[in-house]
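Hello,

Here is the structure I promised you. Please open it first, then read my notes below.

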14 protein chains.
Amino acid sequence: MFGGITDPDAVRYIGGALAIGIGALGPGLGLGWAVNGAMQALGRNPEAAGDIRSTMIIGAALAEAVAIYAFVIAIIILFV
Amino acid sequence: MFGGITDPDAVRYIGGALAIGIGALGPGLGLGWAVNGAMQALGRNPEAAGDIRSTMIIGAALAEAVAIYAFVIAIIILFV
Amino acid sequence: MFGGITDPDAVRYIGGALAIGIGALGPGLGLGWAVNGAMQALGRNPEAAGDIRSTMIIGAALAEAVAIYAFVIAIIILFV
Amino acid sequence: MFGGITDPDAVRYIGGALAIGIGALGPGLGLGWAVNGAMQALGRNPEAAGDIRSTMIIGAALAEAVAIYAFVIAIIILFV
Amino acid sequence: MFGGITDPDAVRYIGGALAIGIGALGPGLGLGWAVNGAMQALGRNPEAAGDIRSTMIIGAALAEAVAIYAFVIAIIILFV
Amino acid sequence: MFGGITDPDAVRYIGGALAIGIGALGPGLGLGWAVNGAMQALGRNPEAAGDIRSTMIIGAALAEAVAIYAFVIAIIILFV
Amino acid sequence: MFGGITDPDAVRYIGGALAIGIGALGPGLGLGWAVNGAMQALGRNPEAAGDIRSTMIIGAALAEAVAIYAFVIAIIILFV
Amino acid sequence: MFGGITDPDAVRYIGGALAIGIGALGPGLGLGWAVNGAMQALGRNPEAAGDIRSTMIIGAALAEAVAIYAFVIAIIILFV
Amino acid sequence: MFGGITDPDAVRYIGGALAIGIGALGPGLGLGWAVNGAMQALGRNPEAAGDIRSTMIIGAALAEAVAIYAFVIAIIILFV
Amino acid sequence: MFGGITDPDAVRYIGGALAIGIGALGPGLGLGWAVNGAMQALGRNPEAAGDIRSTMIIGAALAEAVAIYAFVIAIIILFV
Amino acid sequence: MFGGITDPDAVRYIGGALAIGIGALGPGLGLGWAVNGAMQALGRNPEAAGDIRSTMIIGAALAEAVAIYAFVIAIIILFV
Amino acid sequence: MFGGITDPDAVRYIGGALAIGIGALGPGLGLGWAVNGAMQALGRNPEAAGDIRSTMIIGAALAEAVAIYAFVIAIIILFV
Amino acid sequence: MFGGITDPDAVRYIGGALAIGIGALGPGLGLGWAVNGAMQALGRNPEAAGDIRSTMIIGAALAEAVAIYAFVIAIIILFV
Amino acid sequence: MFGGITDPDAVRYIGGALAIGIGALGPGLGLGWAVNGAMQALGRNPEAAGDIRSTMIIGAALAEAVAIYAFVIAIIILFV
């Protein structure tokens, strides 16, 4: 797209943007699904709120981790 | 797209736009799913409104965080 | 696309457009899902209208925030 | 696409088109989902028409706002 | 696509086409969803036809507005 | 795609095609959804055929209008 | 794709193909949905066959119209 | 893709292929949906086989017509 | 993709491949849906096997026809 | 992609690959749907196994035919 | 992508990759659907295991055949 | 993408990556569907665990085979 | 995109970004599905919380592993 | 994208990224589906936890294998 640019650091901006942009897509959607499930479980069985909330946080942390991998790679691409 | 441009900073505009643009897609949809679940839980079980609302906010904060990663990267791309 | 253009500011128009364009996709859909859930909850349980409406607004504000991140980035790309 | 064009203002047309084009996709679909939910709620519970209609308008206004962000950015790209 | 063209007004045709083309996608689908919901509500509860029809028109007007934003931008791109 | 062409009017053919092509996608699908809903309502509640048919035509007219916007823009791109 | 071609009429073939190709996608799918709905209504309520068939034809005509817009534009692109 | 080709008729092959290729996508899927509906109606209500079969053929003819538009345009692109 | 090729007949290979490739997508999926429906009808109502099988073959022939249009166009592109 | 290649036969490899690659997508999915339906019918009504199996093979042969069209075109592209 | 390469055999690698890559998508998914159906049938009706397994293998062989077409074409592209 | 590279073996890396990358998409998803079905069958009918497990392995082997075709082609592209 | 850049290390930024970006999409979504299932199981059967949580963690670890493969490859691309 | 780069090893970064990136998409999603099924089976039938867990691990290993094929190919592309 930028045929006249000769500074290789300019590639970093596109790389970092793609890493976090596409990388946030899956975990963002996945976390929404996870919370949606927790909500429906709470609506059906409110007295299990403790179990549901703690299991949701464990599961969401696993999905959040995927987003953090993408974040770390984006930071590495931009600064290292 | 801009073969004649030689200023590497111009790449920042595309990078920042892709980072927040695609990065907002997943969390935006995911938050919608999460709230949709909270709504259906409330409609089925309104007396658990406290539990549902607090768990929804915890879960939504996790999804929101993914959007904030993308926002932070976009700001870094544009200003740093 | 515009090989003959040498003004780097022209990149801003594409950047800002991508930021708000793609960035509005997720929150726009997500808000629709959230409101859809609120509607179905209201239809099933109209006497919980207060709880549903206030929780919907909290959740929708979180999704709206994602759109506002994209809006802020688009403004930054266009003016800063 | 237009290698021979040297007027940077020509980029505005593509930018504005992308901003409102892609930006209208999410809210347009989201509003449809929201109204679909309101319709189903009305069909199930017609005597709650007041609550449903007012909550639908609040929620739809939030989704409409996302389309308006895209519209504002498109106008800014085209005229400012 | 048209490397040999040097008239910047030629860009308008692509811009206007993208604005209304992609911009009609979301509202067109969304309106279909809204009417689908109204139909199902009518089939389930025909005596609420008045409420359903008036709420459908309010909601559809909000989705139609998104299409009109895209139409206005397309006209601006083509003529202004 | 056509690097050797220098007549800017050639761009009109692609523009008009994209306007009506992509622009027909949403309303075409949306109208199908709307009629699908009307059919299911008729199958469930045939004695409400009058209400269903008239509301379907109002809603379908709103979706048809989106297709007509795209048609008008395509005609403008091709002839004006 | 065809950098060496200098006859602007060659663009017509791609334009007409895109107009009818993409333009047939939405109505083709939409008509399938509409007929699917009519079939399910007939299977549930065969004695309403007259109402279902006539309403299906009205609705399908509206969706067919969208395909005809694309056909008309394709013919205009190819011959006018 | 074929920068060295200077015969504008070569564009016809791509144009005709896109017209029938993409144009067959929608009606092919739509006809499948229509027949799927007819099958389910037959399975639920076999004694209405006559009504179902005749209405299916009317509806399928409407969807088939969309494919024929694309076929006609492909023939025009290839031969006229 | 093949900038150095000057034989316009080479375009035929890509054209024929796209015509049958994309053109087989819709009917292939649609036929699967149609047969899926016939299977479910048979599973629910095995004594209507004759009616189901004959109607399935009529409907599948209509969808098969769409694939044959694409096949005919591919043959024309490759040989005529 | 291969600007330096001047042998038009090299185009055959891409053409044949696209023909069978994309052409196998629809029938592959469609056959899966068809068999899925047969399985569910068998699970619901095992004593109709003969009818289900023979109808499945008729329907699957129709979908298989679409894949064979793509196969034939790929062979023609590669060898003829 | 590789403008400086003049060996036409290099095209084979991309051709073979596309043939098997995209060609494995449909049958891979379709086989999953077929097995999913067999599993659900077994879960509902375990005593029909023999019929289900043999019909599943017949159907899966038909879907597998589509993958084998793509495999054969990939081998032909790479070696013949 | 790499206009200055003249070593045709460099194409192998992209070819092998596409073959296994896209080729793993279908079977990966399909296997997930197959196991999902087996899980649901087990949950509904745990005493049929032997039949379910053995049929699942037969079916999964068929889907795995599709992935192995892609793997074999990738190895051939990279080493042969 | 960066025709003037001659430092091959610049390719690493795009490679690492694509590896983690696209590679995070599948596991992110998959983990969301897995947690969603665990939530629904907890809501239906809260006294099996121990079994559900431990099986969820085993399954999620398998999906997480896929994300870690992509992370490892991204690190290798960026540093090795 | 990198027209000025002449080191063929730079292609390895893109190849390895595509292999693991796209290759992780299918198994990541598929594993999520598999675990989702196991969770729902556990929620419905917790006393079959042993059978469900062991069958889930067998099935997940098959899907994991597909991801490992992509990982192996990525390692081969990067190092061999």
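The angle is about 175°, and the axes lie 9 Å apart. Axes here are lines fitted to C-alpha atoms, for helices over the stretch in contact, and angles run from 0 to 180 degrees between N-to-C directions. Helices are DSSP runs (H or I, at least four residues), numbered from the N terminus.

This is a predicted model: local features need pLDDT of at least 70, side-chain atom pairs count only at pLDDT 80 or more, and totals for chains, interfaces and linings use all residues. Residues are numbered from 1 along each chain as its sequence is written, chains are lettered from A and ligands numbered from 1 in the order in which they are written, and side-chain values use heavy atoms, with hydrogens and water left out.

Back to the helix pair. Which residues of H1(K) meet H2(L)? Among them are K:Tyr13, K:Ile20, K:Leu31 and K:Met39. On the H2(L) side, the contact (heavy atoms within 4.5 Å) includes L:Asp51, L:Met56, L:Val66 and L:Ile77. By class, the contact of H1(K) with H2(L) has 17 nonpolar, four polar and one charged residues. Ala, Val, Leu, Ile, Met, Phe, Trp, Tyr, Cys and Pro count as nonpolar, Asp, Glu, Lys and Arg as charged, and the others, Gly among them, as polar.

Next, chains C and D. The axes of H1(C) and H2(D) come within 9 Å and cross at roughly 175°. H1(C) and H2(D) are therefore roughly antiparallel. C:Gly16 and C:Ala24 are among the residues of H1(C) that meet H2(D).

Now chains M and A. The contact takes 43 residues from chain M and 49 residues from chain A. About 4000 Å² is buried between them, and carbon and sulfur atoms give 76% of that. Buried area is the accessible area (1.4 Å probe) that two parts lose on being put together, summed over both.

How many salt bridges cross this interface? The rule finds one. A:Asp51 pairs with M:Arg53, with the closest N and O atoms 2.9 Å apart. A salt bridge is a side-chain nitrogen of Lys or Arg within 4 Å of a carboxyl oxygen of Asp or Glu.

Best wishes

Technical notes
Helix = DSSP H or I, 4+ residues; strand = E, 2+ residues; numbered from the N terminus. Parallel < 35°, antiparallel > 145°, perpendicular 65-115°, else oblique.
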